[in-house]
Amino acid sequence: VMDGAVYVGNRDGVFYAVSAATGKELWKLDTHEVIVQTAAGADGRIVFVNEAMKAFCLEAATGKEVWTAQLTGGGCRDYWPVIHKGKVVIYVLQPGHRTMVGHLQPLAKRLPKARTVDDIIAEQAHFVEFFTANPAIRTVFVLNLADGKQPYVPSAMIVCRNTGPCAPPTVAGDGRMYACFRSSAGQNGIIDITRCGLGHLDIETGRFDKPLLCGGKGVGEVVGARSPFELTSDEHVTLSSGGKIVFGFRGDAGGGGIHVETKARFSLPRVKVPFSDDLQRSGNVLAISGKYVAYVKYHHLICVKGN
């Protein structure tokens, strides 16, 4: 919803703009392929991707095409674009977990085990080099909102298994973008089931320069990811933010938050249910308003008031 209009794509491939006040159709565009991704809007423009992996940027007022960009990947239905400081971050599904792990094996073998924050930051150069040489298996794209061109190859990547996926970035109240990242410091390294890190993704460079959480043990200066919440690649994970707090929620576990400046952490209340009822229904985006945080855990709607 933006500037008095609702923008939504349909499975028939048509993208619609309708009046929020009346429901009247304002314009529509046939993309000729299924659209199952939520759109994003900023600066009078709307961005979305259809299942032909074609990204569209349209004038919000008229539906006129500003640019299109052809991406690679197996789909984008579990993600949404994030627009930040004139750039669009787009996550896509890889062609398959086993296929992706096979592609990453050579990279994983030559990475030294990261043991410090500096190690984690430095190893991203290897990720950039790898995805530059293997563009067909990239899972994260950054495009200029102005012209749709790619200013760089980001170091971010996603590798999902089981129920995946890993959430797109979130922009916190400090004006910075935060996202999950992989590191050789994580459990099982960068592939297979691993605990993901959480850090600041610099939109100007496409690299992480401020890790907040990392899923490895003994990593100097980096907080263990099991507290207050766990971000993994084998369960559905979402990120949300309110003020200077970034919230993480894993599908089969509890959620929590971390203050991006002080690194103060806390956990959200959990609901105990029989294991048989554990159907990953907690990996949802949180609703945040002022000091209130609301989320769904299994069949329960929980509202928490912060200090």
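Buried means under 20% relative accessible area, exposed over 50%, and partly exposed in between (1.4 Å probe, protein chains only).

All views come from a predicted model, where local features need pLDDT of at least 70, side-chain atom pairs count only at pLDDT 80 or more, and totals for chains, interfaces and linings use all residues. Residues are numbered from 1 along each chain as its sequence is written, and side-chain values use heavy atoms, with hydrogens and water left out.

**View A. Aspartate 43 has a positive phi without being a glycine.** Its phi is about 55 degrees. Look for aspartate 43 in the loop between β4 (40-42) and β5 (45-49); strands (E, at least two residues) are DSSP runs, numbered from the N terminus. Aspartate 43 is exposed, at a relative accessible area of 67%.

**View B. Lysine 263 is another non-glycine with a positive phi.** Here phi is about 65 degrees, and the loop is the one between β18 (255-259) and β19 (265-267). Lysine 263 is partly exposed, with 28% relative accessible area.

**View C. β20, β21 and β22 form an open antiparallel sheet, in that order.** Strands pair if DSSP finds at least two bridges between them. At the edges sit β20 (287-289) and β22 (300-305), each pairing on one side only. Three bridges join β20 to β21 (residues 292-297), and serine 289 stands opposite tyrosine 292 in β21.

**View D. Residues 218-227 have a pLDDT below 50.** That score is the predictor's confidence in each residue, from 0 to 100; the chain averages 85. Where pLDDT is low, the predicted coordinates should not be read in detail.

Methods. Contact = heavy atoms within 4.5 Å. Helix = DSSP H or I, 4+ residues; strand = E, 2+ residues; numbered from the N terminus.
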